[in-house]
Amino acid sequence: MKIEEDVIEIFQDFENYIYNALNQGLSKIKKYRRIYLVAPLVSNYLYISKIMNGFVRFCEEQCFDFGIMNKISDDSVINDKDLYVVIEDTKLVKLLDLASSKNYVLGDDIGVLSYNEAPFKRLLNIAVLSTNFQKLGETAAVMILNNKKGKVKNPFMFIERSSV
């Protein structure tokens with residue numbers, strides 16, 4: 001028996017997930033002139049490069065002007081009618097601070113899409129691209145309780161809120 005057959009694996013397909021989720025939100029995304037992915041360019045996490053690949057593929061296929069930003073800081077320039085897809089929560093907070101300082105209205109002046117659902121994003125009405133964490137836990141529990149081995153792809157979705 002192979003080791004791969006004797007384990008529980010619940011996985012994410014990062015490249016295709018972001019690509020498909022952005023396509024789900026295409027009708028909302030179309031109103032923006034440019035899309036930026038805010039993600040660390042140097043990372044120990046392999047999934048970041050897969051997210052970038054899916055993002056670039058989406059933008060190229062949909063003919064969007066796009067860019068990748070490594071950071072958001074106090075001197076970052078954010079522009080009206082741009083959409084920001086933000087991977088890290090610390091950068092999301094900084095982006096929200098900058099938008100507030102320019103009196104930008106999220107979903108009107110600029111768009112904000114965050115990665116991974118969290119209660120504070122729901123409360124702030126921030127749209128997200130997210131795996132289904134509840135389903136991940138339920139799947140793991142069922143597999144453990146039933147001693148079921150195998151690979152299961154966890155669902156991923158675009159959750160529309162007023163920030164886009």
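Modeller: Happy to. Two strands count as paired if DSSP finds at least two bridges between them. Strands (E, at least two residues) and helices (H or I, at least four) are DSSP runs, numbered from the N terminus. This is a predicted model, in which local features need pLDDT of at least 70 and side-chain atom pairs count only at pLDDT 80 or more, while totals for chains, interfaces and linings use all residues. Residues are numbered from 1 along each chain as its sequence is written, and side-chain values use heavy atoms, with hydrogens and water left out.

Let us look at the sheet, and at β4 within it. Six strands form an open sheet with mixed pairing, in the order β3-β2-β4-β5-β6-β8. At its edges are β3 (65-69) and β8, each of which pairs on one side only. On average, and ignoring direction, neighbouring strands are turned by 15° against each other; such angles, from 0 to 180 degrees, compare N-to-C directions of lines fitted to C-alpha atoms, for helices over the stretch in contact.

Strand β4 covers residues 82-86 and runs parallel to β2, joined to β2 by five bridges. Along this pairing, Ile-35 has Leu-83 as its partner, and Leu-37 has Val-85. The pairing of β4 with β5 is also in the parallel sense, over four bridges, and here Val-85 stands opposite Leu-113 of β5.

How enclosed is β4? Five of its five residues are buried, so the rest of the structure largely encloses this strand. Here buried means under 20% relative accessible area, exposed over 50%, and partly exposed in between (1.4 Å probe, protein chains only). Asp-82, Tyr-84 and Val-86 point one way from the strand, whereas Leu-83 and Val-85 point the other way.

Helix α1 (residues 14-24) lies across β4, β5, β6 (127-131) and β8, at about 30° to β8. Helix α3 packs on the sheet as well, touching β2, β3, β4 and β5, and its direction makes about 165° with that of β3.

A salt bridge is a side-chain nitrogen of Lys or Arg within 4 Å of a carboxyl oxygen of Asp or Glu, and the structure holds seven of them. Arg-161 makes one with Glu-117, their closest N and O atoms being 2.4 Å apart. Because Arg-161 lies in the segment after β8 and Glu-117 in the loop between β5 (111-115) and α5 (119-123), this pair ties together parts that are 44 residues apart in sequence. Arg-161 is buried at 14% relative accessibility, while Glu-117 is partly exposed at 22%.

Glu-160 forms another salt bridge, with Lys-28, at 3.5 Å between the closest N and O atoms. Glu-160 is in the segment after β8 (156-159) and Lys-28 in helix α2 (residues 26-29), so here the tied parts are 132 residues apart in sequence. Glu-160 is partly exposed at 48% relative accessibility, as is Lys-28 at 31%.

Glu-88 is partly exposed, at 28%, and Lys-91 is buried, at 14%.

Notes: Contact = heavy atoms within 4.5 Å.
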